[in-house]
Amino acid sequence: MGSLQHMRFNIFNNVSQDIVDKVKSAVTEVTFKKNEIIYEKGEKAEKVYLMNEGKALLQVESEQGFQINLGALKSGYCFGWSALEEDSVRQHTIVCAERCVVEVVDGETLRGIIEADGCKGLPLLWNLWSLAKDRLDLRTDQLVKVIETHPSLEDEAVSK
């Protein structure tokens, strides 16, 4: 069992103590070293992660072989929630920018906790949905800024 401090994670806002306790009993604490990979693009998504300490980078590789940092994951962030979907594959790589202490829970187990008690798991599911929406909005804003600052991309976007 990990040392999950649930109050630090927004995904537990308005979630019943019963559900929080079930998640706490399912997590395992794992420590990663600086530059260690938590997971890689293309891997089967099986685990959900909660960052207790440290900072990790969300990365993808361009077709030209450049590493692109899409964002930083800091203490209090939940990531890897695509593991809640059966047969999901990772779309990016997570690399530790420094030592990271992470709570890890099996995606299937977390999905079972959410689904087991009817409506009790719904606040956790809504919080995860809100997290996904916020991150999608952030990526959309990033894309728009890239297009706005690169005239050749702006011309391409307008012409299609």
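Begin the tour by selecting phenylalanine 79, which is buried at a relative accessible area of 3% (buried means under 20% relative accessible area, exposed over 50%, partly exposed in between, with a 1.4 Å probe and protein chains only). The model is predicted: local features need pLDDT of at least 70, side-chain atom pairs count only at pLDDT 80 or more, and totals for chains, interfaces and linings use all residues. Residues are numbered from 1 along each chain as its sequence is written, and side-chain values use heavy atoms, with hydrogens and water left out.

**The sheet**

Next, display the open sheet of 4 strands, whose order is 1-8-3-6 with antiparallel pairing. Strands are DSSP runs of E with at least two residues, and helices are runs of H or I with at least four, each numbered from the N terminus; two strands pair if DSSP finds at least two bridges between them. Strand 1 (28-32) and strand 6 stand at the edges with a single partner strand each, so one side of each has no neighbour in the sheet. Select strand 3 together with strand 6: these run antiparallel and are joined by 2 bridges. Tyrosine 49 has phenylalanine 79 in strand 6 as its bridge partner.

**The aromatic rings**

Now show the aromatic side chains. Rings of Phe, Tyr and Trp (its six-membered ring) pair if their centres lie within 6.5 Å; planes under 30 degrees apart count as stacked, over 60 as edge-to-face and the rest as tilted. By this rule there are 3 aromatic pairs. One of them is tilted and consists of tyrosine 39 and tyrosine 49, at 5.6 Å centre to centre and 35 degrees between the planes. Tyrosine 39 is in strand 2 (residues 37-39) and tyrosine 49 in strand 3 (residues 47-53), 10 residues apart.

Tyrosine 39 is buried at 3% relative accessible area, and tyrosine 49 is buried at 7%. Tyrosine 49 also forms a stacked pair with phenylalanine 79, at 5.2 Å centre to centre and 10 degrees between the planes. Tyrosine 49 lies in strand 3 and phenylalanine 79 in strand 6 (residues 78-79), so this pair ties together parts that are 30 residues apart in sequence.

Arginine 90 lies over the face of tyrosine 39, at 3.9 Å from the ring centre (a charge sits over a ring if NZ of Lys or CZ of Arg is within 6 Å of the ring centre and within 35 degrees of the ring normal).

**Helix 3**

Finally, select tryptophan 126, which is in helix 3 (residues 122-149).
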